[in-house]
Amino acid sequence: MKLQFKHQGFQLEAVASVVDLFEGQPKRDALRYLLDTGRSAYNDESDLIMDAYRNNPIEVEESSILERVQAHQIQYGIRPSKKLATSRVDGRLSYNFSIEMETGTGKTYTYIRTLMELNKRYGWSKFIIVVPSVAIREGVLKSFQMMADHFKEEYGKQPRYFVYDSSRLGDLETFATTSDIRVMIINSQAFNARGKDARRIHMEQESFRFRKPIDVIASMNPILIIDEPQSVEGKKTKDSLTKFKPLFTLRYSATHKEAYDMVYRLDALDAYQQRLVKKIAVKAIEQKGRTGTDGYLYLQELVLQKTGKPKARIEFEYRSQTGIRRKTKLVEEGFDLYAESGELPAYRGWTLSHFDARDGANTIQIGPERKLAVGQVIGESNEEDLRKLQIRETIKTHLKKEESLFLRGIKVLSLFFIDEVAKYKRYDEAGQALNGEYAEIFEREYDTQVAAYLKQHPDGKYADYLRGNLEANRVHAGYFSVDKNKKTNTMQLVNSKVKGKEGNSNDKDAYDLIMRDKERLLSFDESVRFLFSHSALKEGWDNPNVFQICTLRHSGSDIAKRQSIGRGMRLAVDQKGIRQDKELLGEEVHAINHLTVIANESYESFTKSLQSEMKEVLKGRPHQVDKTFFRHIILTNEAGDKIESTEDLATQIYNSLIREGYVSVEGQLTAAFYQAVEKDQLVLPEEVSAFGSQIVEQLVRGKPYPIENANQSLVFSDEINQKNLHKREFLALWERINKKTSYRVSFDEEELIQKCIEAIDQELSVSQLRYQVREGQLERIEKESLDFKEGKNSIKDSYIKPSDVQISYDLLGQIADKTQLTRKAVAHILYGIRSEKFDLFKCNPEEFISNVSKLIQQEMASRIVEGISYDVLERSYDHTIFTDNPATAQRDDPFVLDSEKDIYHYTKVDSKTEKDFHEALETHEDVVVYSKLPSGFYISTPLGKYNPDWAIAFKEGDIKHVYFVAETKGSMNSLDLKAKEKAKITCAKAHFKALGEAGHLDKAAVYDVVESYESLLQLLK
C-alpha cells in the first residue's frame, strides 16, 4: 500500500500565504562561499578551504512584506500586524511568521511543500526543521519518505534530508557543501540538553576539525521551520535558536502560545466546516452513584424499532449455580430484574419501564421513580468495572465501524490512552513480559464480542476476516515513552504478543510498525488494530484510520482532551492509500469519517471541558447573534464591491436569519444554518445576496465546536423501504437515469488566446522592484554580534532600473508550466498584448509571470464548462448504491424525517428548503414514489462529482408518466449561486441532454433546478 497525495486547495493556500510574501525576490541559485573546514587534529594550521552554499539574502523591502502580511491577515480574519516581528542578524533583518493549521489537516505536507516552492520560486535551498520530540521527529521523517515520489513528480526533484546527530557530523558537512535542496531535522534537545552531552552543537568538536557545528549551520543563512513551537520554544530555546541566524522563521501549529505575524489560519471550526477532519462523537461511561444496595445495572443502549416501543440492552447480575455473575440482555418494558436475577434481594422492586428515546432523553425508569440514562451505571461498581465497560464499548464500536468500512477497503484502528504502563505490561521475577490488567481485560472482552458478532453474522467476507484475525493477543500493541524494564532512557515500544507461540516480540518491530511503517499498520495484512499508549503520543503522531479513542485515565490527566482527540482527526484512507475526503465522498464524508471518544465521564462534563479548551483556541469568535450583530460591518464580495451594514440593514439580515430558521430565539446558529452552508443554499436578503460568504464567515465565528452524543439512539437513514424500491414507477424512473457518462472538454484555442490577450491588456498590473539602503552607526560591540542603530531619515527607497535585471528567465516555459498551455499558445498570447504591458516584465519578472499566469487560468476556467459534452457509456449504476450507503443520524435530528413515499424509511435533508420540498412530496397525491439520491449516484464534471438531490415518479393523470430529477435551491437568483455550483448544474444539464439524445430519456423525463414543489409543478405544466 502507498499513501496517495493530491492538490488540496487549503494546503496550497497555506503554501502561497508564505511564498507570496517575497514576491519580487529574484530567483538565484544558492550563493557560493568559502567554508573553513577547520584545523587538523595534529596541528593548528587550517587544512583547506572548501566550496559551500548559503541562502541568498532577502532583497524585497520590509514595507512590501508587511503589506502582503496584512493582506493575508485580512483575508483569513486575523488582526493585522502594525509592524513586523523582526530581529537583526549580522546587519540584516530576520523575519518571523506563524501558520495555524488544525490537527489532522496535513501541516507537515504543507511546510514540506512550502520549502519546495520557496526553492522553485527564489532558489533558497537550506532548511532546518526543529521538532520537540522523538514522536514528531519520526512522523516528519516518515512524511519525507512517503512524499518523495509525489514531490519528485511535482517539482522534478526531491529534498535531501537527515537528522542532526553530533556523532555524525559528516552529514552536516554535506549539508553545507552541496547546492541542491537540503533539509536538516533537529530535536530541540540537541541544543538544550543537560549533563555531559550538554549543547555539543555549540562546542568545538575534535571530530569536526575543532569547529562548532552551530557556526557551520549559521553560515548558511538557513530558513527555520519550527514544528509545534508551543512545545519547543521555552526561554532557553528561543535564545538558542537565534544562534542559527535564520533568514526567516516559520512556525506551524494548531495551538500557538505566541503568534508572530500570522499569515494563515485554518482553525478547528474552519477545518470542521470544510469537512477536512473527522466528526467527533462522545460515548460516555458514567457512574451514576451508589444506591445503598448491592444492585448493579448498566444501560448500554436503547434500540429503536420501526414499529412498537424501544427496547433496552442492559447488563445486570444474576444468581447462577456457580455464584453471582453478570450478563447482557435486550429487554422490553416491564422487565422484572428481581425475578430475572434469581430473586436477588438488591433488585426487589426494580421493574423497568418508560423506555424514553424521544428528544434525546435516552432513559429508562427503574421502579417507581429512579431513572438511568444510556451510558450510566449504578450499584457497587468500582474503577475496574468502569474500565471494563470502556474497553467493551470501544471494541463494540470498533467492530460496528469495521463492519461498515471493511468492504470499502478501509482498515479501522482504535487507540487507548492509559494512566500507567504497568496496567498494560508487567514483568515476572524472571523478567519475562506479561499482560497487565488492561491487556487481560481487553483480550477477554475481544473474544466475547467477536464470538457474539460471529454468532449473529456467521457468513460474509467480514466474518471471514474476523476469523482469520481471531486471536486476541495478535490484534493489540503498545507504545510508551519509557519501558522501565529496559535500562535506557530512549523511546521504547511494547508489542503485546506475549501469550502466543511467538513469545516476547521484538520491541523494535513494534516501534517500527506504529512510528515508522504507517502503510503496514493501515493494511489488512497486519493483524494489529488496537493501540495502547501513555503520554508519548500526545502530539506529533497520528494515524488517519484511528476511529475510536478510549481514555482509560483519570479525568484530571495532564494531557488535554484536544491533544488526545487530535491523534484521530485526520481523514481516513483506503487500502490504495486514497484519502476519503469530500471530493471523493461528497455529503457522505462525515458518515465515513466519524471519530468516537469513549470517555470515563458524562457527555456533558466531557463536552464542557473540550469546549472550554476550544474556546481558548477560538478566541475572537462572537458567541451570540442578535439585531446588533451586523451593525457597521464592512462586507466585501469576490468582485471587490463593498457595502457598510447600516442599522436598518443589520436588522433586516437578522430578521431573515430568524425567518429561515438559521438562528434560534436565543441567538444561536441552528443545524439548519450549517446544513444550508454545506449545501451552498443559504437564503439572504437580496441587498446582501452577493456578500454571502462574508456573512457566513462572520456568523460561524460564534459556533461552539459540534460534538455528537454517541449515547443517543441512532436510526439508519439508509433503511430501505422494499415496497417502494420495487414499484414499477420507480423501476421505470431508474431505468431512464442510471446510465453513466464521460465528459469531453473542447474550446477554440484561437478564441482563448484572444480572450487572454484582452484580459491581460485590461487587468495586468506589476509593481516595480525596489531596494532599500539603510544607514546606521555602531552603538556597541557584543561578544557575537555588532549592534547598529538607525537614525532619522536613514532608510532610502530606490527603484531598480529594468536594465539592472541581469537574471535569465524561461518566460514561455514558466507560464506554460503554470497554465498547462503549450509554449506556442503562450507565445501567441504574449505577442498579442500591448507593448507597454509586455514591458512590465522588465520591471518585475517574477510578478509578471505570476500575474499573467493567473489571468490566463481565469480565462481557461470560464471556457471549460462552455465547451463540455457527454458521451453515454455502456456501464450503469445498479441498486447497490441504495443499499451500500452506511449513513446514520441522531434520531432527534430535525433533518431526519419519517417518509412513506421515499425508497428509504427515513429521509435525511440538508436545509429548510429541502425539508419543505420533502413535506410537499409526501402530501401531494400526484407523487407515487421518490428518492433522495444517495451520494453514490453522481455525474462526473471537471469541477468534481455532482450529486443531484431528488428523483421523482408521478402517477398517471394530468401529469402522465413524468419522471423528474431535481436540484432544490432556496433561491433561483443567479447571483446567489456560486460560480462552481452554477458550472456543475450546467454540466448536469449536458449529461441529461446526452441521455436524451441517446434515446434513454423521453419527454416524460426532465432535469432542472427548482425553488419549491410549486415551481416544479410550473415546469411540468
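Me: How many residues does the largest nonpolar core have?

Reply: This is a predicted model: local features need pLDDT of at least 70, side-chain atom pairs count only at pLDDT 80 or more, and totals for chains, interfaces and linings use all residues. Residues are numbered from 1 along each chain as its sequence is written, and side-chain values use heavy atoms, without hydrogens and water. A nonpolar core is a set of buried Ala, Val, Leu, Ile, Met, Phe, Trp, Tyr and Cys residues joined through side-chain atoms within 4.5 Å. Leu297, Ile314, Leu337, Leu352, Phe442, Tyr446 and Phe532 have the most contacts inside the largest one, whose size is 55 residues.

Me: Which helix gives the most to this core?

Reply: Helices (H or I, at least four residues) and strands (E, at least two) are DSSP runs, numbered from the N terminus. The top contributor spans residues 437-456 and gives 8 residues: helix 12.

Me: How many residues are in the second, separate core?

Reply: Its members include Phe10, Tyr95, Leu141 and Leu266. The size of this separate core is 52 residues.

Me: Which residue of strand 15 stands opposite isoleucine 314?

Reply: Contact means heavy atoms within 4.5 Å. Beyond residues up to four places away in sequence, isoleucine 314 touches Leu297, Tyr298, Leu299, Lys327, Thr328, Lys329, Val331, Phe335, Leu337 and Leu352. The one opposite isoleucine 314 in strand 15 is lysine 329.

Me: Over how many bridges do strand 14 and strand 15 pair?

Reply: Two strands pair if DSSP finds at least two bridges between them. A hairpin joins strand 14 to strand 15 through 2 residues. Strand 14 also pairs with strand 13 (residues 296-303) in the antiparallel sense over 6 bridges. With strand 15 (residues 323-331) the sense is antiparallel and the count is 9 bridges.

Me: Which residue in strand 14 stands opposite leucine 297?

Reply: Strand 14 covers residues 311-320. Within strand 14, leucine 297 faces phenylalanine 316.

Me: What is the angle between the planes of phenylalanine 22 and tryptophan 124?

Reply: Rings of Phe, Tyr and Trp (its six-membered ring) pair if their centres lie within 6.5 Å; planes under 30 degrees apart count as stacked, over 60 as edge-to-face and the rest as tilted. The structure holds 42 aromatic pairs. Phenylalanine 22 and tryptophan 124 are 5.3 Å apart, centre to centre, and form an edge-to-face pair at 90 degrees.

Me: How many residues apart in sequence are the parts that this pair ties together?

Reply: Phenylalanine 22 lies in the loop between helix 1 (9-19) and strand 1 (31-36). Tryptophan 124 lies in the loop between helix 3 (107-122) and strand 5 (126-131). The pair therefore ties together parts whose separation is 102 residues.

Me: Is phenylalanine 22 buried or exposed?

Reply: Buried means under 20% relative accessible area, exposed over 50%, partly exposed in between (1.4 Å probe, protein chains only). Tryptophan 124 has 0% and is buried. Phenylalanine 22 has a relative accessible area of 0%, so this residue is buried.

Me: Over which ring does the charged end of lysine 327 sit?

Reply: A charge sits over a ring if NZ of Lys or CZ of Arg is within 6 Å of the ring centre and within 35 degrees of the ring normal. The charged end of lysine 126 sits over phenylalanine 175, 5.5 Å from the ring centre. For lysine 327 the distance is 4.7 Å, and the ring is that of tyrosine 318.

Me: What is the relative accessibility of serine 125?

Reply: Serine 125 is in the loop between helix 3 and strand 5. Its contacts, leaving out residues up to four places away in sequence, are Ala30, Asn55, Asn119, Ser179, Asp180, Ile181 and Arg182. Serine 125 counts as buried, with a relative accessibility of 1%.

Me: What distance separates the C-alpha atoms of alanine 14 and lysine 107?

Reply: Alanine 14 is found in helix 1 and touches Met101, Thr110 and Tyr264, not counting residues up to four places away in sequence. Alanine 14 and lysine 107 are 93 residues apart along the chain, and their C-alpha separation is 9.0 Å.

Me: Which residue in strand 18 is the bridge partner of threonine 363?

Reply: An open sheet of 3 strands has the order 16-17-18, with antiparallel pairing. Its edge strands are strand 16 (352-356) and strand 18 (370-373). Strand 17 (residues 363-366) and strand 18 pair over 4 bridges. In strand 18, the partner of threonine 363 is alanine 373.
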